[in-house]
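Open the model in your viewer and keep the selection panel at hand. The tour goes from one selection to the next.

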Amino acid sequence: MENRTALVEGLIARFPHIPREAVFKEDLLRTGMAFDDSALTDNLEGEVKPKSYFIFSFDQKPLTQLGNAAKRRPPEEIALTGGPYELRRTIVSVRVNPDSPYRVSRGADGALTLSMDGQMVADVTLPPMPEYYRHTLSNGKTVMEIAPTIQWGYLVYLTVFRMCQYFGAKEECQYCDINHNWRQHKHAGRPYTGIKPIDEVLEALAIIDQYDTGHTSHAYTLTGGSVTSKVDGYAEADFYGRYAEAIESRFPGRWIGKVVAQALPREDVQRFKDYGIKIYHPNYEVWDKRLFEIICPGKERYVGREEWHRRIFDAAEVFGARYVIPNFVAGVEMARPFGFQTVDEAIRSTREGLDHFMSRGITPRFTTWCPEPATPLGKDNPEGAPLEYHIRLLETYREALEQHGLQPPPGYGPPGAGNAVFSVSSFMDTLAPNDENADELMTAGTQA
């Protein structure tokens, strides 16, 4: 295996126009990081915000193999600064891998650092425990379980349905461990509400609203597994739509409302808009037709790739193209045994998808694939995609955005290295900083 330092420094030298912060961040996201016991949190009893497992495990080993990190959770995210590479503040979502070449540890002076191959990379800051995590709902449930926040507090993540009805090998997306994550948490005896009642969500949001006096939280994402039949007697649009209606009625304009759901028919999407949702994420997951059919068999069977894309364009007419932001999972394009053999082929395919949407004013975004061990693609590809693919994707994404004359997608906080808070890929770190209000969707009443 290639020395990790040589790999990373080689790519920093080859791609000087990509922030070095983004190179490290992508490598940490695809490889995970290990934690010394001294760097773990005291769960909800301490001063550090713990990892909430807000939808997927985002770990590269099962909970049973995480040792102390299964009992004392790692932090939700880390912020890197300084060190020999003079990094600007870089916020990275925590993906635990005890075998990673990256390790977070505490020195004799009490300071935390990140090392690579045993050599220091950067100083590490952990997210402070937010005041609202210290308060429970009236039924004793924690805010972290019902309405965790990520991206250094920017985003409230509401996974209101913690399972997916695409179930089993013939339907589940091949990179996704939402159902496994549900099972492992239940097996470990952790609290994990499968369907979050609307009144619990509203109560948790009220606690956040009360104690988030600095208005650090700017947006919420309403999401969960796909609904192919019904949940609680509701089809997908109505199931998620009820939450949107309740939240926007109770807290009008307090947060930018976002929904991640399947690509739904236009009339369903219109209901989301009517309820007050500002941004819709009908994620297309992977661009290539052959790979979509293999990697997302349930989505292909129930909706189909062409219909999925057609519905994305329909949604753009409802929300406005800028506010329809489909995600793809960066790296699965190269997953063995089905994926592209070379970085060139994978980048060419992904760029084709970007152009397809950006030419119509729609700005996709991506998360960096975490090869989770309970998934078919994770089992076959424990090291994920090559780091070069991820760096070239950042380059390609930025070029496509510029060529199509588009701005960074709204609802993700500020762009630019040292500014970005989006933690599950580096695309916001790689874009040019701007002086405009990144939260253009927040109404004047929001800050009241």
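Predicted model: local features only at pLDDT ≥ 70, side-chain atom pairs only at ≥ 80, totals over all residues.

Helices (H or I, at least four residues) and strands (E, at least two) are DSSP runs, numbered from the N terminus.

Residues are numbered from 1 along each chain as its sequence is written, and side-chain values use heavy atoms, leaving out hydrogens and water.

Two strands pair if DSSP finds at least two bridges between them. Next, select 102–106 and 112–116: strands 4 and 5 pair in the antiparallel sense over five bridges. Pick R106; opposite, in strand 5, stands L112.

Go on to the largest pocket, with a volume of about 620 Å³. On a 1 Å grid over the protein atoms alone, a pocket is an open set of points where a 1.4 Å probe fits, with protein on both sides within 12 Å along at least five of seven lines. Grid points are joined across faces, edges and corners, and the volume is the space filled by probe spheres set on them. Lining residues have an atom within 4 Å of a point. Here there are 31, and R4, R30, P382, E383 and G384 lie nearest the centre. Helix 1 (4–14), helix 2, helix 12 (376–380) and helix 13 (387–403) each supply at least two lining residues.

The second largest pocket has a volume of about 210 Å³. Select V227, E236, Q262, L264 and P265, the closest to its centre among 17 lining residues. Helix 6 (236–250) and helix 7 (266–275) each give two or more. Helix 6 gives the most, with three.

Last stop: the open sheet of five strands, order 7-8-9-10-11, pairing mixed. Its edges are strand 7 (149–150) and strand 11 (279–281). Strand 10 (256–260) pairs with strand 11 in the parallel sense over three bridges. Which residue of strand 11 is the bridge partner of K258? Select I279.
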